[in-house]
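Let us walk through this model from the whole chain down to single residues. Keep the structure in view while reading.

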Amino acid sequence: MLVAANNQTNNKPFVFKSFQDKARTKSFIHDFRTRRRKVTDEPEPAAKVKIALGSTIGTAIPLVLFAKKQNLNVKKISEIFKLQFGLKEMVGITTGAILGGVVSGMMFDKKNAKKEKTDEGVFQFLNSTVPLLFVSGYQQIAKKYPFLKKKPVEIGAIGSGIFASMHCAAKLSNLINDPQNKVPDRKLTMLDAVVNIDELAGAFVLAGFPIVKKLQIEKILPFISAWSGYRAGESN
């Protein structure tokens, strides 16, 4: 009886710790799902249109340049969207979109929130490119270790790696934008994760998953990049 009681007593901390771990995980998931990026002072409708146009132009310029480089007929929009995406194409188009959104936001948004727009541009850029760099690095390592190319391993590694690298990108952007930690951190939101579907799709393209080619997901990548640029340009 005494031994049994002691065993129950000794097990309590482990049971309680397990309960705490589950509670923390549940709390983190709930916090992530309900988190929202707040725009404190919305730009005027006319400014929003111009910011959207700026991010669209910023997306279109590198898209056309890359299409020309791949010998596609840029006079036909349908041909431009046959672009074969690699790391440099994804990073280049994302960069153009964010620059277009931020610059147009600074020009046309009368709220004068240039620092905030620059900060959001840094966040969106890192949130888009860091996961891609992770995937590219994984592909290079997988060439040396064939077991990493097995589809279950590859899918699991890429999926978890993208999620982790998004959070790393958020922390890095906060460090760059606010090294003295004077303002609340810009946290990753559910919408940011949704926007990062282009990185997930791009990762699967880089990994050579046939389903992505079959669904032609690559064609929506420029639109998602333009949306990232718009979000940076309207931020305040």
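Start at helix α10, with Trp227. Its relative accessible area is 39%, so Trp227 is partly exposed. Tyr230 sits in α10 as well, three residues from Trp227, which is about one turn of the helix. Tyr230 has a relative accessibility of 14% and therefore counts as buried. How do the rings of Trp227 and Tyr230 lie? Their centres are 5.5 Å apart and their planes meet at 20°, so the two rings are stacked.

All of this is read from a predicted model. Step back to the whole chain. The protein chain has ten helices and zero strands. From the N terminus on, the order is α-α-α-α-α-α-α-α-α-α. Of its 236 residues, 40% are buried. The exposed surface comes to about 14,100 Å², and carbon and sulfur atoms supply 66% of that area. Among contacts with a separation of 6 or more, 75% join residues 24 or more positions apart.

How far can the coordinates be trusted? The mean pLDDT of the protein chain is 78, and 72% of the residues score at least 70. Confidence is highest in helix α2, residues 45–69, at a mean of 95. It is lowest in helix α1, residues 2–34, at a mean of 48. Over residues 28–39 the pLDDT is below 50, yet the model gives this stretch 21 contacts beyond near neighbours in sequence. Residues 1–5 also stay under 50 in pLDDT. For residues 1–5 the model has zero contacts beyond four places in sequence. Where pLDDT is low, the predicted coordinates should not be read in detail.

Now return to the aromatic rings. The structure holds three aromatic pairs. The Trp227 and Tyr230 pair is stacked, as described, because its planes lie at 20°. Another pair is formed by Phe81 and Phe223. Their ring centres are 5.7 Å apart and their planes are at 5°, so this pair is stacked too. Which parts of the chain does the Phe81 and Phe223 pair link? Phe81 lies in the loop between α3 (77–80) and α4 (87–108), while Phe223 lies in helix α10, residues 221–234. The two are 142 residues apart, and the pair links distant parts of the chain. Are these residues buried or exposed? Phe81 has a relative accessibility of 24%, so it counts as partly exposed. Phe223 has a relative accessible area of 56% and is therefore exposed.

Move on to helices α4 and α5. Helix α5 covers residues 114–144. How do α4 and α5 pack? Their axes are 10 Å apart and the angle is about 175°. The two helices are therefore roughly antiparallel to each other. On the α4 side, the contact includes Leu87, Met90, Val91, Ile98 and Val102. Gly105 and Met106 are also among the α4 residues in this contact. On the α5 side, the contributors include Lys114, Lys117, Gly121, Phe125, Leu132 and Leu133.

Helix α6 comes next. Ile162 is located there. At 4% relative accessibility, Ile162 counts as buried. Ile162 and Phe134 are 28 residues apart in sequence, but their C-alpha atoms are 7.3 Å apart in space. Ser165 also lies in helix α6. Its relative accessibility is 8%, so Ser165 counts as buried. What does Ser165 touch? Leaving aside residues up to four places away in sequence, Ser165 touches Val130, Pro131 and Phe134.

Finish with the backbone. Most residues other than glycine have a negative phi. Two asparagines have a positive value here. Phi of Asn71 is near 60°. Asn71 lies in the loop between α2 and α3. With a relative accessibility of 73%, Asn71 counts as exposed. Phi of Asn181 is near 55°. Asn181 is placed in the loop between α6 (151–177) and α7 (190–195). Its relative accessibility is 56%, so Asn181 counts as exposed.

Technical notes
Residues are numbered from 1 along each chain as its sequence is written. This is a predicted model: local features need pLDDT of at least 70, side-chain atom pairs count only at pLDDT 80 or more; totals for chains, interfaces and linings use all residues. Side-chain values use heavy atoms; hydrogens and water are left out. Helices (H or I, at least four residues) and strands (E, at least two) are DSSP runs, numbered from the N terminus. Buried means under 20% relative accessible area, exposed over 50%, partly exposed in between (1.4 Å probe, protein chains only). Contact means heavy atoms within 4.5 Å. Accessible areas come from the Shrake-Rupley method with a 1.4 Å probe; for residues, only the protein chains shown count as cover. pLDDT is the predictor's confidence in each residue, from 0 to 100. Rings of Phe, Tyr and Trp (its six-membered ring) pair if their centres lie within 6.5 Å; planes under 30 degrees apart count as stacked, over 60 as edge-to-face and the rest as tilted. Axes are lines fitted to C-alpha atoms, for helices over the stretch in contact, and angles run from 0 to 180 degrees between N-to-C directions. Angles under 35 degrees count as roughly parallel, over 145 as roughly antiparallel, 65 to 115 as roughly perpendicular and the rest as oblique.
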